[in-house]
Amino acid sequence: HNGGHPELKVSYDWLPHEKLAKISVEQLQAAVIEKSKKKGSTEKTPESLLFDLPLTLRFVGSDFIVDRDVVVNKKMQDFYVPLPEKPDVVRFDARTQVLASIQFEKPKEMLYAQLNLEHDVVGRLLAADALSKKEDQQSIDALQTALQNDPFFGVRRQAAQALADIGTSKALAALIDSRKQTDARVRRQVVRAIGSFFHPNAKLALLEILAAEKNPDIVADAIRPLGKYPGSDVDKQIRRLLQQESYENAVASAAMDAARAREDASFLPLMQKAIQRDVAFPSKTLPGAFDAVAYLGKELDERKQVRDFLTGYLNHPREKVQLAAINALGTLGDPATMDAVRAF
């Protein structure tokens with residue numbers, strides 16, 4: 001009944017002579033408590049509050065699974081569990097019973113084994129996330145194998161994100177080799193992960209994805225990061241996709257983001273045409289579309305055409321369209337629009 005949540009630091013050790021697994025747990029959280037003073041006043045003091053946390057420790061070996069139910073309720077505790085042999089995997093809170101921040105550093109070999117536990121989806125997710133902090137080739141290979149073969153799409157997505165977090169050229173190569181995914185949710189995550197790199201191979205892969213991909217959301221995620229790359233091949237794709245119709249204009253909106261990143265005003269006619277083609281942009285993307293037009297337009301010596309385009313939406317029947325246009329005029333920064341804005 002106080003503020004805060006459990007913050008636990010967990011460590012594991014194997015005692016070979018006794019054949020005991022030792023789990024040490026420390027509660028790190030602190031809370032600020034209001035205590036009454038004399039004359040009705042209160043003071044706030046930091047104080048460690050301990051939780052009572054029933055949870056399960058799980059130990060997995062080559063031919064055994066041992067669960068031990070424990071209660072974490074002290075500042076520091078040690079738990080000793082007899083086992084037939086040294087476990088391959090140790091899982092703290094194996095049934096995911098506790099809403100807590102848990103620090104549990106494990107050796108890479110244990111993470112590799114945990115990433116292959118068929119019966120433990122959450123364990124595989126946690127292992128993939130933990131491997132995002134490793135940069136060695138064996139960890140990258142383990143994540144690539146999970147990305148290509150894990151039966152649950154969520155683990156494959158987590159593996160793709162982990163490779164993106166690693167951020168090395170070898171991690172990028174693993175992502176590019178794994179882009180053929182039958183599940184669109186995973187394929188989209190792989191494209192986003194590739195797009196997080198700035199590398200010639202990433203550019204080439206994104207262009208190849210655009211040539212083959214049919215899913216508009218994935219096309220949008222592929223064109224957006226291409227705006228940071230030079231080249232006429234990128235320009236060609238941006239111009240093509242600015243003219244492509246899609247649900248909620250997701251593709252055209254992403255192409256506008258790419259055009260803005262290139263800071264090339266030659267895209268403006270196609271961008272304005274895309275907006276005029278269907279002003280029913282969803283509220284989340286219309287402001288960005290208007291703002292991209294204004295951002296490119298502010299570098300022009302003659303801004304009248306862009307100014308007239310944006311002020312033309314100030315009396316639109318949809319209030320959110322009006323607001324988007326007003327904010328875009330702020331980005332344009334043209335003093336000639338002041339009288340129109342003052343009317344509001």
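**Figure 1. Contribution of α2 to the lining of the largest pocket.** With 5 residues, α2 gives the most to the lining of the largest pocket. This is a predicted model, in which local features need pLDDT of at least 70 and side-chain atom pairs count only at pLDDT 80 or more, whereas totals for chains, interfaces and linings use all residues. Residues are numbered from 1 along each chain as its sequence is written, and side-chain values use heavy atoms, with hydrogens and water left out. Helices (H or I, at least four residues) and strands (E, at least two) are DSSP runs numbered from the N terminus. At least two lining residues come from each of β1 (7–15), β8 (89–92), β9 (101–104), α1 (108–114) and α2 (121–131).

Figure 2. A pocket is an open set of points on a 1 Å grid over the protein atoms alone, where a 1.4 Å probe fits, with protein on both sides within 12 Å along at least five of seven lines; lining residues have an atom within 4 Å of a point. By class, 11 of the lining residues are nonpolar, 4 polar and 8 charged (Ala, Val, Leu, Ile, Met, Phe, Trp, Tyr, Cys and Pro count as nonpolar, Asp, Glu, Lys and Arg as charged, and the others, Gly among them, as polar).

**Figure 3. The second largest pocket.** This pocket has a volume of about 240 Å³. It is lined by 14 residues, and R188, D217, A250, K284 and T285 are the closest to its centre. Both α8 (216–223) and α10 (250–262) supply at least two lining residues, and α8 gives the most, with 4. The lining has 5 nonpolar, 3 polar and 6 charged residues.

**Figure 4. Packing of α2 with α4.** The axes of α2 and α4 (residues 153–166) come within 8 Å and cross at roughly 10°; axes are lines fitted to C-alpha atoms over the stretch in contact, and angles run from 0 to 180 degrees between N-to-C directions. The two helices are therefore roughly parallel (angles under 35 degrees). In contact, meaning heavy atoms within 4.5 Å, V121, R124, L125, A128, D129 and L131 of α2 meet G154, V155, Q158, A159, A162 and I166 of α4.

How values were computed. Grid points are joined across faces, edges and corners, and a volume is the space filled by probe spheres set on the points. Angles under 35 degrees count as roughly parallel, over 145 as roughly antiparallel, 65 to 115 as roughly perpendicular and the rest as oblique.
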